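Below are my notes on this model, as numbered points. They go from the overall fold to single residues.

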Amino acid sequence: MELKSHILTIIIFLPLIGAIAGAIINGKTMIRWYALIISLVNFILSLFLVHWFNPAQIGLQLVERHSWIGAYNINYHVGVDGLSLLLLLLTTFLTPIVILGSWSYIKNREKEYYLWFLVLETGMLGVFAAFDLILFYMFWEAMLIPMYLIIGIWGGPRRIYAAVKFFIYTMFGSLLMLIAIIYLYYAYGRQTGIYTFDIIKLYGLNLPLSVQVWLFAAFALSFAIKVPMFPFHTWLPDAHVEAPTGGSVILAGVLLKMGTYGYMRLAMPLFPQAAAIFLPYIAILAIIGIIYGALVAMMQTDIKKLVAYSSVSHLGFVMLGLVALNMQSVDGAVLQMINHGLSTGALFLLVGMIYERRHTREISEFGGIAKVMPVFATIFMIVTLSSIGLPGLNGFVGEFLILIGSFLDKPVYAVFAGTGVVLGAVYMLRTYQKVFFGKIKNEKNEGLKDLGIREIIVMLPILVMIVWIGVYPKPFLKIINNASRSYIEYVKPKPFAQPLQIQNQQVIQPVPVQPPQIRMQERMK
């Protein structure tokens with residue numbers, strides 16, 4: 001078997017197979033190491049994706065396609081482009097970090113915890129690689145169960161409430177998306193005589209504007225819940241606060257990106273004319289999310305809740321970049337997805353480490369702990385500066401590109417969004433000052449131990465990535481660039497579709513919109 005031909009399939013399903021095989025393992029230490037090794041092997045395999053990926057090539061690469069349910073033309077179709085490649089790498093990168101970071105605080109039902117995390121990894125990777133709508137939906141739903149259990153079993157005192165709320169919100173959005181998927185299947189079949197769930201083929205579907213509006217709304221609402229966009233974000237603080245540290249990290253690092261990814265992969269390019277109508281409203285909601293998230297974060301007394309609301313603000317930037325529809329903004333939005341996964345994931349890990357020592361996250365309980373935990377304070381400072389977008393660290397690159405692109409599109413949007421950067425700096429630096437500087441007033445903090453070797457190893461890879469992207473983002477932008485251009489080509493306004501013409505119960509209508517890869521190749525000739 002040639003590795004290159006099946007590399008995506010191996011990466012997607014290795015964690016699931018590892019989880020099934022791991023069921024026979026007994027012993028806490030054994031299961032920890034087993035889960036870590038499986039996730040590390042998967043990360044190393046995912047580096048082959050970078051090796052074989054050609055950034056200059058337009059369209060999907062490393063494609064694998066097989067018939068799955070032939071009667072309905074449902075295929076196992078996976079591939080990778082500049083957008084999904086970085087998100088796949090982010091997933092395989094964060095999973096071993098989360099597993100290693102969980103060793104000290106998961107004390108009950110350890111085997112189930114680590115095995116569910118491996119199952120979750122398969123669901124997340126599948127979403128980013130799938131190019132058949134049913135396959136996408138299957139992976140989308142598959143990751144819901146492990147996350148529900150991770151919050152519900154290993155979470156905080158209100159874990160059941162938070163898990164059920166997360167489940168109901170996501171399921172509601174998923175059902176709307178499923179109805180829209182079924183409609184697309186029959187609409188494409190009636191237009192072309194070919195019934196398919198293939199995402200690339202469905203990009204060429206030409207629908208009346210009135211239909212597009214409803215279908216876009218179904219997809220967009222599902223993804224808005226997942227992002228989460230204002231005002232669909234209310235499940236997020238509960239899920240973050242009640243989830244165990246590992247759950248919070250993977251929720252912020254990867255799961256929230258599925259909403260923004262869904263907008264880029266499905267909602268916007270499938271329904272470009274409807275998207276054009278909704279773009280100003282999405283931009284306004286994104287700006288409200290940026291400012292609202294920052295203001296609410298500023299009022300929090302719980303550090304974890306503060307970081308959770310900061311996610312609402314940061315992901316507002318991503319959405320603003322996606323709808324500005326120029327190369328700077330879209331490049332910045334995609335890079336910011338990765339940056340948020342690294343920075344906010346790191347913040348949740350650090351908050352989890354201090355919670356293990358003090359069993360509280362109240363800001364007022366701390367003060368002056370930089371004196372007893374200098375390594376922790378240093379790492380926390382680097383991650384904080386990354387989160388507020390200090391030049392030289394990763395957050396600056398993404399937000400700067402988004403603001404430039406937004407300014408080119410609508411200067412007033414950039415001005416309002418810029419206030420989010422200022423507010424973010426205020427609440428993050430103020431919190432840092434309260435927790436780390438000054439005299440130690442609480443005697444419980446005098447004996448706090450600084451980070452151990454394992455905890456430093458957990459944080460070190462993230463710090464390397466934070467500095468690498470901040471100092472030299474070119475390799476990442478090079479991967480993103482063609483995917484951004486392709487996305488803009490799909491979504492830029494096109495001639496409105498004509499209503500379907502039904503004759504003798506059959507509609508045969510040529511698909512007038514060419515996939516952008518073909519148009520661009522023609523131009524290059």
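1. Burial is used throughout as follows: a residue is buried under 20% relative accessible area, exposed over 50%, and partly exposed in between (1.4 Å probe, protein chains only). On that scale, 61% of the 525 residues of the protein count as buried. This is a predicted model, in which local features need pLDDT of at least 70 and side-chain atom pairs count only at pLDDT 80 or more, while totals for chains, interfaces and linings use all residues. Residues are numbered from 1 along each chain as its sequence is written, and side-chain values use heavy atoms, with hydrogens and water left out.

2. Overall dimensions. The C-alpha trace spans about 80 × 60 × 45 Å along its principal axes. The accessible surface is about 20100 Å², and carbon and sulfur atoms hold 68% of that area (Shrake-Rupley method, 1.4 Å probe; for residues, only the protein chains shown count as cover).

3. Secondary structure and contacts. The protein has 21 helices and two strands, where helices (H or I, at least four residues) and strands (E, at least two) are DSSP runs numbered from the N terminus. Contact means heavy atoms within 4.5 Å. Among contacts between residues at least 6 apart in sequence, 80% join residues at least 24 apart.

4. The core. A nonpolar core is a set of buried Ala, Val, Leu, Ile, Met, Phe, Trp, Tyr and Cys residues joined through side-chain atoms within 4.5 Å. The largest one has 189 residues, and F219, I250, Y263 and F376 touch the most other members. Helix α15 (residues 327-358) supplies the largest share of this core, 15 residues. Beyond four places in sequence, the contacts of Y263 include A220, F223, A224, V227, M268, M319 and Y487.

5. Aromatic pairs. The structure holds 31 of them. Rings of Phe, Tyr and Trp (its six-membered ring) pair if their centres lie within 6.5 Å; planes under 30 degrees apart count as stacked, over 60 as edge-to-face and the rest as tilted. W140 and F223 have ring centres 5.5 Å apart and planes at 70°, so this pair is edge-to-face. Because W140 lies in helix α5 (residues 133-142) and F223 in helix α9 (residues 209-226), the pair ties together parts that are 83 residues apart in sequence. W140 is buried, with a relative accessible area of 1%, and F223 is buried at 0%.

6. Ring pairs link F136, W140, F219, F223, Y263 and F271 into a cluster.

7. Cis peptide bonds. One joins V227 and P228, with omega about -5°. Another joins F230 and P231, with omega about 5°. P228 is in the loop between α9 and α10 (235-242), and P231 lies in the loop between α9 and α10.

8. Positive phi. N73, in the loop between β1 (61-69) and β2, is a residue other than glycine with phi near 55°. N73 is partly exposed, with a relative accessible area of 25%. R109 is not a glycine either, and has a positive phi of about 50°. R109 sits in the loop between α3 and α4 (110-129) and is partly exposed, with a relative accessible area of 46%.

9. D81. This residue is in the loop between β2 (74-80) and α3 (82-101). Is D81 buried or exposed? D81 is buried, with a relative accessible area of 11%. A polar contact of 2.8 Å joins the side chains of D81 and R265; the term covers a pair of N or O atoms within 3.5 Å, where within protein one must be able to donate a hydrogen and the other to accept it, and residues adjacent in sequence count only if both atoms are side-chain atoms. Not counting residues up to four places away in sequence, D81 touches F53, G59, L60 and R265.
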